[in-house]
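Work through the following exercises with the sequence and the 3D structure at hand. Each task is followed by a solution in steps.

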Amino acid sequence: FALNPTIAGFTPVLDGLPRGFNGNQATNTNGIPDVANFNLPRDGGFGRLLLPNGAFGNFGDIPGVGTVPIEEFNSPSLIEAPDTAPYFHHHLTRTLEEAIAFYGSPAFSAPGSIGGPGGPIPVSISSNPNDPQVQQIGAFLRLLNAVDNIRSTIVQGQRAKNTSGSTSKKNIVRLALADNLDAIDVLTKGAYSSNRSNEVNLAIVKLTESRDRLQEIVNQNLPSSAINQKIDVAILALRQARTAVVDVNTLPSTFRN
């Protein structure tokens, strides 16, 4: 929450911070029908105390409110979401697009949820994972994730080049290969499983080229000089994949490697 201390009558009460605070809000993921269908227990996130609703959570002291039961979760990085399925604490939401569509579901818009009646974050989106708007959001997040995986693959490749010894190089290349495979995965599934632009298809071709070079390093007994040469070829293909789908000049400096 961002607060404006210049407004008359402004009185910061939570954490005593004059410019805002972080808070936890209910999204009602426990309201997904399959939670009841499978008789899954409520998950209290960080806490280990038995709450009145049967969950294990913790109790928070809210100024002006008192001690209340809290089910808190630390939200994962959004840019990493496409390759960290399944979603939510119960893992009932299998795909990124299903997770996006949750925010148009009756569970999220129910009373007591942050998106419910009078909630601070009303969301107008379809609950159908195949809805075009849901698919577009999924495609956007998948592309962000692919660009991040490309960045990480290049970082690991450069690190391997600067490491002595074929065995040590190969161990690092295995990490690069995992990120490379993640980039291919997120650009070929979900929103991209049947609807891809020519640019995304070109990126997949280039990512496949880099994957093959990295796989050769892992599978073959190569001298350090040959490993470095294949890494160079892989990095070139990775940069070509990135250029195919984004304007590199608009990226943060750490993503222009």
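Predicted model: local features only at pLDDT ≥ 70, side-chain atom pairs only at ≥ 80, totals over all residues.

**Exercise 1.** Classify glutamine 156, threonine 84 and asparagine 39 by accessibility.

Solution. Step 1. Glutamine 156 is found in helix 3. Its relative accessible area is 16%, so glutamine 156 is buried. Leaving out residues up to four places away in sequence, glutamine 156 touches Ile172, Leu175, Ala176 and Asp179.

Step 1. Threonine 84 is found in the loop between strand 3 and helix 2. With 39% relative accessibility, threonine 84 counts as partly exposed. The C-alpha atoms of threonine 84 and proline 132 are separated by 22 Å, and the two residues are 48 residues apart along the chain.

Step 2. Asparagine 39 is found in the loop between helix 1 (33–37) and strand 1 (49–50). A relative accessible area of 67% makes asparagine 39 exposed.

**Exercise 2.** Which residues does the cis peptide bond join, and what is phi of asparagine 39 and of histidine 91?

Solution. Step 1. The cis peptide bond joins alanine 85 and proline 86, with omega about 0 degrees. Proline 86 has its place in the loop between strand 3 (66–70) and helix 2 (96–101).

Step 1. Histidine 91 lies in the loop between strand 3 and helix 2. Phi of histidine 91 is near 60 degrees, a positive value in a residue other than glycine.

Step 2. For asparagine 39, also a residue other than glycine, phi is positive and near 55 degrees.

**Exercise 3.** How many residues does the largest nonpolar core have, and which element gives the largest share?

Solution. Step 1. A nonpolar core is a set of buried Ala, Val, Leu, Ile, Met, Phe, Trp, Tyr and Cys residues joined through side-chain atoms within 4.5 Å. The largest one has 38 residues, and those with the most contacts inside it are Val173, Leu187, Leu207, Leu214, Ile231 and Val245.

Step 1. Two or more residues of this core come from each of helix 3 (132–161), helix 4 (166–186), helix 5 (198–219) and helix 6 (224–245). Helix 6 gives the largest share, nine residues.

Step 2. Leaving aside neighbours within four places in sequence, leucine 187 is in contact with residues including Arg142, Leu143, Tyr192, Val200 and Leu207.

Step 3. A second, separate core has nine residues, among them Tyr87, Ala99, Ile125 and Leu141.

**Exercise 4.** At what angle do helix 4 and helix 5 pack, and at what angle do helix 5 and helix 6?

Solution. Step 1. Two packed helices are described by the angle between their axes and the distance between the axes. Axes are lines fitted to C-alpha atoms, for helices over the stretch in contact, and angles run from 0 to 180 degrees between N-to-C directions.

Step 1. Helix 4 and helix 5 pack at about 155 degrees, with their axes 9 Å apart. That makes helix 4 roughly antiparallel to helix 5. Angles under 35 degrees count as roughly parallel, over 145 as roughly antiparallel, 65 to 115 as roughly perpendicular and the rest as oblique.

Step 2. The residues of the contact of helix 4 with helix 5 divide into 10 nonpolar, four polar and three charged. Here Ala, Val, Leu, Ile, Met, Phe, Trp, Tyr, Cys and Pro count as nonpolar, Asp, Glu, Lys and Arg as charged, and the others, Gly among them, as polar.

Step 3. Helix 5 and helix 6 pack at about 165 degrees, with axes 8 Å apart, and are therefore roughly antiparallel to each other. Their contact divides into 15 nonpolar, two polar and six charged residues.

Definitions and conventions: Residues numbered from 1 in each chain as written. Heavy atoms only, no water. Buried < 20%, exposed > 50% of the residue type's maximum accessible area, 1.4 Å probe, protein only. Helix = DSSP H or I, 4+ residues; strand = E, 2+ residues; numbered from the N terminus. Contact = heavy atoms within 4.5 Å.
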